[in-house]
Amino acid sequence: MTQDPVLEAKSIALRYLTGAPRTRQQIEDKLREKEVDGDIIANLVERFERVGLIDDADYAHRFVENRSRMKGLGKAALRRDLKAKGVDDALIEETLAEIEPADEAELARELVSRKLPRPEQLQDFEGREKAKRRLVSMLMRKGHSMGTAIGVVEEKLQEALAE
């Protein structure tokens with residue numbers, strides 16, 4: 001005998017939420033993947049939002065805090081990742097607006113400090129330019145702006161050469 005489709009959908013969604021917080025879109029996608037009826041999905045997700053099991057704003061804030069601190073991601077990468085998880089554009093922009101430019105630059109400095117080549121590798125022009133290209137590229141892949149990336153890399157290279 002098959003279980004009630006509403007209870008089955010609820011069970012699927014709760015199991016999916018057990019591992020980690022999820023966005024509304026992620027829950028909807030999981031239920032669609034399991035071929036749950038669209039009306040059941042809409043009602044269930046709405047109810048989960050009302051009781052606080054799904055909260056895209058909270059999810060976005062925690063995601064940004066965690067990923068920027070742990071992985072050093074800049075705004076562009078955070079925006080891309082939140083968008084992929086189905087977070088609303090306005091909510092993404094509101095969440096990212098809380099990141100101060102100084103904080104983002106500090107994250108970039110920490111990343112560059114960890115990846116900076118040994119001082120002897122920076123002694124000649126070619127070594128410095130190679131390091132600069134690699135470090136700027138790394139920061140940009142992590143979602144930092146070109147201006148921030150270049151400024152931070154030049155600053156850290158100057159500090160390394162002054163030592």
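Val6 is partly exposed, with a relative accessible area of 37%. That value falls between the 20% under which a residue counts as buried and the 50% over which a residue counts as exposed. Val6 is found in helix 1, which covers residues 5-19. Arg32 comes 26 residues away from Val6 along the chain, and the C-alpha atoms of the two are separated by 13 Å. The model in which these values were computed is a predicted one.

The secondary structure comes to nine helices and zero strands, so that, read from the N terminus on, the order of elements is α-α-α-α-α-α-α-α-α. Along its principal axes the C-alpha trace spans about 75 × 30 × 20 Å. The radius of gyration is 22 Å, whereas a compact globule of 163 residues would have a value near 15 Å. Of the 163 residues in the protein chain, buried ones make up 34%. Among contacts between residues at least 6 apart in sequence, 60% join residues at least 24 apart.

Inside the chain, the largest nonpolar core has 14 residues. Helix 7 (101-115), helix 8 (125-141) and helix 9 (146-162) are the elements that give two or more residues to this core. Val112, Met138, Leu139 and Val153 are the residues with the most contacts inside the core. For Met138, the residues touched are Leu111, Val112 and Lys115, when residues up to four places away in sequence are not counted.

Glu35 lies in the loop between helix 2 (24-33) and helix 3 (38-50). Most residues other than glycine have a negative phi. Is Glu35 buried or exposed? Glu35 is exposed, with a relative accessible area of 73%. Val6, by comparison, is partly exposed at 37%.

Definitions and conventions
Residues are numbered from 1 along each chain as its sequence is written. This is a predicted model: local features need pLDDT of at least 70, side-chain atom pairs count only at pLDDT 80 or more; totals for chains, interfaces and linings use all residues. Side-chain values use heavy atoms; hydrogens and water are left out. A nonpolar core is a set of buried Ala, Val, Leu, Ile, Met, Phe, Trp, Tyr and Cys residues joined through side-chain atoms within 4.5 Å. Buried means under 20% relative accessible area, exposed over 50%, partly exposed in between (1.4 Å probe, protein chains only). Helices (H or I, at least four residues) and strands (E, at least two) are DSSP runs, numbered from the N terminus. Contact means heavy atoms within 4.5 Å. The radius of gyration is taken over C-alpha atoms; the globule rule is 2.2 Å times the number of residues to the power 0.38.
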